[in-house]
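This report goes through one protein chain, from its overall make-up to single residues. Please keep the model open while reading.

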Amino acid sequence: MTESPEQARTTRLLRLYPASYRREHGPEIAAIHADVIRGTGRLARLREAADMVRHALRVHLCLTSADGPGRFLAAAAPYVLAVVCAPALFGVLTHATLWADDWTAQISADGGQAADRVEWLVDQCAAVAGALALLCGAGGRWGPARLLAVFSAVALPVTTWVLDADYLISYRYLDRPLLATVDILGPVLTTLVLLCCPADLPPVRVRDRTVIAAVAVAGFLTRTLAWVIGSTGEVTWTTQMLWGMEALAPLAVLALFLFTALVRGGPSARFTAAGVLTAALLWLWHDYGLLGSVPYGGLLAAALLAAAVLAAVVVRRRRRTARSTGPARS
């Protein structure tokens with residue numbers, strides 16, 4: 001029997017899947033695809049074909065909800081969004097406080113500073129997008145949350161590269177390869193984690209929303225307090241302590257969630273723990289300059305995470321010992 005044009009297109013799309021997956025799920029995928037595109041227009045058919053291509057690529061890369069890498073990305077996504085967008089709340093506060101003066105200065109700047117005005121405007125938009133991503137993520141709206149977070153992470157670096165590539169290569173990164181790595185790979189890794197998270201495993205559970213809210217609040221409160229007290233111009237032990245808290249507070253929250261994930265155990269514990277550690281490394285990578293302002297900042301950050309892992313191991317071992325040495329049955 002000769003295939004219709006629609007059936008021929010569906011067959012070609014099915015060939016994009018791995019052979020083993022096609023043998024197991026091919027008829028089901030073909031039936032669903034035929035159902036969806038029946039009676040639709042050309043644009044809808046193209047959109048469904050694009051969805052199949054994306055899903056086939058996910059299957060090849062093991063990024064579906066049934067695969068380990070996909071489950072890891074789903075576990076890491078809320079933690080990564082939290083640490084990447086946490087500074088945005090403080091950024092919105094400072095931008096709102098200084099907005100009128102900044103806007104006046106940017107508008108009155110001469111034509112030779114057009115690039116600076118564009119970067120300033122993009123920076124404002126990125127801060128607002130990051131704050132909105134936190135609110136959407138904490139509210140369980142993962143779709144807009146991850147798109148806003150990606151924009152917040154990549155908008156300013158891309159704009160800076162487009163407008164000031166010569167300056168970045170010749171001066172900023174010439175003798176500082178670590179800084180170039182942070183500025184370039186950080187947004188790339190953030191984008192991959194957030195956009196490759198399986199669509200059928202959105203991080204919208206209570207624990208996921210709590211992570212996002214807790215990291216955001218911890219970062220905002222400590223940075224705001226450090227800014228308010230530091231604006232007096234006097235560096236006291238209180239100011240220095242707040243600087244330390246500013247750098248380490250989000251990591252302390254991540255360490256707490258790492259501890260609870262390891263103590264809870266279960267099939268998803270290792271994915272959650274890996275997600276927490278990934279977000280912590282991104283935070284350390286992105287804010288290594290801030291940690292450098294704290295005496296032994298990197299060592300303290302590593303100690304926080306190590307203490308969480310060690311405490312979880314001790315608690316689990318004690319629980320196991322208590323169960324094994326319980327009252328003997330007569």
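## Basis of the values

This is a predicted model, in which local features need pLDDT of at least 70 and side-chain atom pairs count only at pLDDT 80 or more, while totals for chains, interfaces and linings use all residues. Residues are numbered from 1 along each chain as its sequence is written, and side-chain values use heavy atoms, with hydrogens and water left out.

## The whole chain

The protein chain has 12 helices and 0 strands. Helices (H or I, at least four residues) and strands (E, at least two) are DSSP runs, numbered from the N terminus.

Of its 330 residues, 37% count as buried. Buried means under 20% relative accessible area, exposed means over 50%, and partly exposed lies in between (1.4 Å probe, protein chains only). The chain exposes about 18,700 Å², and carbon and sulfur atoms supply 66% of this area; the areas come from the Shrake-Rupley method with a 1.4 Å probe, and for residues only the protein chains shown count as cover. Among contacts (heavy atoms within 4.5 Å) with a separation of 6 or more, 74% join residues 24 or more positions apart.

## Nonpolar cores

A nonpolar core is a set of buried Ala, Val, Leu, Ile, Met, Phe, Trp, Tyr and Cys residues joined through side-chain atoms within 4.5 Å. The largest one has 43 residues, and those with the most contacts inside it are Y79, L81, W142, L194, V215, L251 and L254. At least two residues each come from α4, α5 (114-138), α6, α7 (177-195), α8 (206-230), α9, α10 (269-286) and α12 (297-324). Helix α4 gives the most, with 11 residues. Leaving aside residues up to four places away in sequence, W142 touches A77, P78, L81, L194, C197, P202, P203 and V204.

A second, separate core of 8 residues includes L14, Y17, I29 and V59. L14 is also one of the buried residues of helix α1 (residues 5-14), along with A8, T10 and L13. The cover over these α1 residues includes α2 (19-37) and α3 (42-61).

## Aromatic pairs

Rings of Phe, Tyr and Trp (its six-membered ring) pair if their centres lie within 6.5 Å; planes under 30 degrees apart count as stacked, over 60 as edge-to-face and the rest as tilted. The whole structure holds 2 such pairs. Y17 and Y21 are stacked, at 5.5 Å centre to centre with 10 degrees between the planes. Y17 counts as buried because its relative accessibility is 4%, whereas Y21, at 24%, counts as partly exposed.

Y79 and F257 form an edge-to-face pair, 6.4 Å centre to centre with 70 degrees between the planes. This pair links distant parts of the chain, with Y79 in helix α4 (residues 68-108) and F257 in helix α9 (residues 237-264), 178 residues apart. Both Y79 and F257 are buried.

D164 is among the residues touched by E119, together with L156, T159, T160 and L163, not counting residues up to four places away in sequence. E119 lies in helix α5 and is buried, with a relative accessible area of 15%. T159 and T160 are among the buried residues of α6.
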